[in-house]
Amino acid sequence: MPDIVMPRLSDSMEEGTILRWLKADGELVARGEELCEIETDKATMTYEADADGVLRIIAPEGTTLPIGEVIAVVGEGAAQAPAAPPVAVQGDVAAPAESALPVAPAVAEAVADSVVAEVGPAPTIGEAEKSSPDQQIRLTLSAADSGDRVKASPVARRIAREQGVDLRALQGTGPGGRIVRADVEGAPAGTAGAAGTLAAADGPAAVSAAPGTPAPIPPAPTVRADTGAAKGEVTIVELTRTQQVIARRMAESKATVPEFTLQMEIDMEAAVALRAQLKTLSAEGSPVPSYNDMIVKACALALREHPRANGAYRDARFELHQRVNVGVAVAADDALVVPTVFDADTKSLGEIARDTRALAERVRAGAITPPELSGGTFTVSNLGMYGITNFTAVINPPQAAILAVGALAPRAVVRDGEVVARHTMHVTLACDHRILYGAQAAEFLARIHRLLEEPLALAL
């Protein structure tokens, strides 16, 4: 019976999240049919079946698994689909019995969390009072679990046990109403379950010591400042897979890359005049190259002349790339996505303009594909449209550098001893000092400067 495993949908993907199953458990599927939606570190992709048969889902919606872990199996018939493994009850914890089918640890945890164990009659309060405090908590939780099973993550259940929170009193915000850690930690006062009630009623003063045993020392009261009122109501927002990867990669970049920055002001007066000419010459309906397109082209030509800037530092070696692929940072919904303009050094300004507009539209529509987000050798990040004059961007590892572009605006400058108004733009080059040294980076940025101040060279 063929396994369906978590696929590798991008070069930097390490794990994926099952957002939604498009086929039901036990449904007959055909090769090429869409099975599920998987959220990766860069985009949400639809995964298709590669075999015919009856689908048996192993990883439920909301499950995050590493690449290669089994998410489902496809069999020849419903009768041949693997049955759920029997459950062996050990004490008050339900655990799956051994099975001939190997199950991934992450899947086993999700499956074990959804198993309903049959327990004996719930103990009475009198019986609970005769037990030790730890036994009281376990007995009370066992009694609570004898009812309807609450959908909650393992971490949420553990925190609920520790804090005495009744999961049945909470509203889950996870996939399918599943209670997650944030729901338990943000539970309002008054949601303590029976365990918490017992602990409060039978506190330290109610516990009598056995003969010959030292009396327990009551814990000191904890004074808690009411800091929540000062901040008002707190809303917990779970990160998407893309946001999690962005956060991790940016933190790794700042922690591991010894960066330095170079700044420069570029006179864009000639570029402004060139774009005005291109507007009059361009055919109706065809995109007119923007200033950012000119910057991408200038960077691409400079990268071709300075291979180190187009390379990467990895494992104490330099990787110098043959192709010049410039990534363009695009703001998406609560995320930053960097699609790639491939072979930008060989493309005309018009081709770059068409590519960047098409990529930006697909990013904002959520239709960008992993191949379009891969293979970048350099990145341009432009915040000039927001009026930002100067900023420093974080290097996208393992790339050697990133160019941050500020707003293009008329400014007072000195020309031939006179103060005149000229269109200028500030740029900041952040470099990985392990591969780009000061002088090399300065020469690379100076080349970009010359190409933009004499933009006719961009058409060569």
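The accessible surface of the chain comes to about 25,300 Å². Carbon and sulfur atoms account for 54% of that surface. These values belong to a predicted model. Of the 460 residues in the chain, 38% are buried.

Confidence comes next. The chain has a mean pLDDT of 78. A pLDDT of 70 or more is reached by 73% of its residues. Over residues 78–147, the pLDDT is below 50. That stretch still has 68 contacts in the model beyond near neighbours in sequence. Residues 194–210 also have a pLDDT below 50. Here the model has 19 contacts beyond near neighbours in sequence.

Now the fold. The chain holds 12 helices and 20 strands. Take the contacts between residues at least 6 apart in sequence: 61% of them join residues at least 24 apart. The structure holds 0 disulfides. Cysteine 299 has 0% relative accessibility, so it counts as buried. Cysteine 431 is buried because its relative accessible area is likewise 0%, below the 20% cut-off.

Turn to the loop between strand S18 (378–382) and strand S19 (401–415), which holds methionine 385. At 56% relative accessibility, methionine 385 passes the 50% cut-off and therefore counts as exposed. A cis peptide bond joins proline 397 to proline 398, with omega at about 10 degrees. Most peptide bonds are trans.

Two backbone angles deserve a look. Most residues other than glycine have a negative phi. Alanine 316 has a positive phi, about 60 degrees. It sits in the loop between strand S12 (311–314) and strand S13 (317–320). Alanine 316 is exposed because its relative accessible area is 62%, over the 50% limit.

Aspartate 343 has a positive phi as well, near 50 degrees. Its loop runs between strand S17 (340–341) and helix H11 (349–365). With a relative accessible area of 25%, aspartate 343 falls between the 20% and 50% limits, so it is partly exposed.

Methods:
Residues are numbered from 1 along each chain as its sequence is written. This is a predicted model: local features need pLDDT of at least 70, side-chain atom pairs count only at pLDDT 80 or more; totals for chains, interfaces and linings use all residues. Side-chain values use heavy atoms; hydrogens and water are left out. A disulfide is a pair of cysteine sulfur atoms within 2.5 Å. Buried means under 20% relative accessible area, exposed over 50%, partly exposed in between (1.4 Å probe, protein chains only). Helices (H or I, at least four residues) and strands (E, at least two) are DSSP runs, numbered from the N terminus. Contact means heavy atoms within 4.5 Å. Accessible areas come from the Shrake-Rupley method with a 1.4 Å probe; for residues, only the protein chains shown count as cover. pLDDT is the predictor's confidence in each residue, from 0 to 100.
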